[in-house]
Amino acid sequence: MKIRADIAEWIHQGFNNEEISRLAGVDSKTVAAARRRLGAPNAPARRDATALERLYAEAVPTGTVRDYKPDYRPLTPEEQAANRRRLLAALRTPVGPA
């Protein structure tokens with residue numbers, strides 16, 4: 001039996017037989033046979049969902065993942081104004097030998 005490369009990769013990544021059969025468009029028995037042939041455990045440990053899977057799991061897609069907490073936060077209007085003042089002051093300051 002020849003095992004498709006994509007099915008073997010999904011098995012190694014920790015997808016279960018049902019997920020792989022849905023992704024590859026094959027019967028779950030085919031995936032189970034490939035898993036046996038590769039010597040992979042029959043009941044793999046549940047893996048963490050990828051960012052794309054978490055995005056698709058949202059009830060109303062927003063373009064962001066619910067549990068994603070970036071270090072970046074938007075600036076307040078006061079911080080924006082202070083940055084603008086510092087930039088304008090730096091642009092007014094002559095550069096080079098005086």
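Which residues does Asn17 touch, not counting residues up to four places away in sequence? The list is Ser28, Val31, Ala32, Arg35 and Asn42, where contact means heavy atoms within 4.5 Å.

## What you're looking at

This is a predicted model, in which local features need pLDDT of at least 70, side-chain atom pairs count only at pLDDT 80 or more, and totals for chains, interfaces and linings use all residues. Residues are numbered from 1 along each chain as its sequence is written, and side-chain values use heavy atoms, leaving out hydrogens and water.

## The chain overall

The protein chain has 5 helices and 0 strands (DSSP runs numbered from the N terminus: H or I of at least four residues for helices, E of at least two for strands). Of its 98 residues, 21% count as buried, meaning under 20% relative accessible area with a 1.4 Å probe, protein chains only.

Take the contacts between residues at least 6 apart in sequence: 38% of them join residues at least 24 apart.

## Back to Asn17

Asn17 sits in helix 2 (residues 17-24). Asn17 counts as buried because its relative accessibility is 17%.

## Helix 1 meets helix 3

Helix 1 (residues 5-13) and helix 3 (residues 28-38) pack at an angle of about 70 degrees, and their axes are 10 Å apart. So helix 1 is roughly perpendicular to helix 3 (the word covers angles of 65 to 115 degrees).

Helix 1 brings Ile7, Ala8, Ile11 and His12 to the contact, while helix 3 brings Val31, Ala34, Arg35 and Leu38.

Methods: Axes are lines fitted to C-alpha atoms, for helices over the stretch in contact, and angles run from 0 to 180 degrees between N-to-C directions. Angles under 35 degrees count as roughly parallel, over 145 as roughly antiparallel, 65 to 115 as roughly perpendicular and the rest as oblique. Buried means under 20% relative accessible area, exposed over 50%, partly exposed in between (1.4 Å probe, protein chains only).
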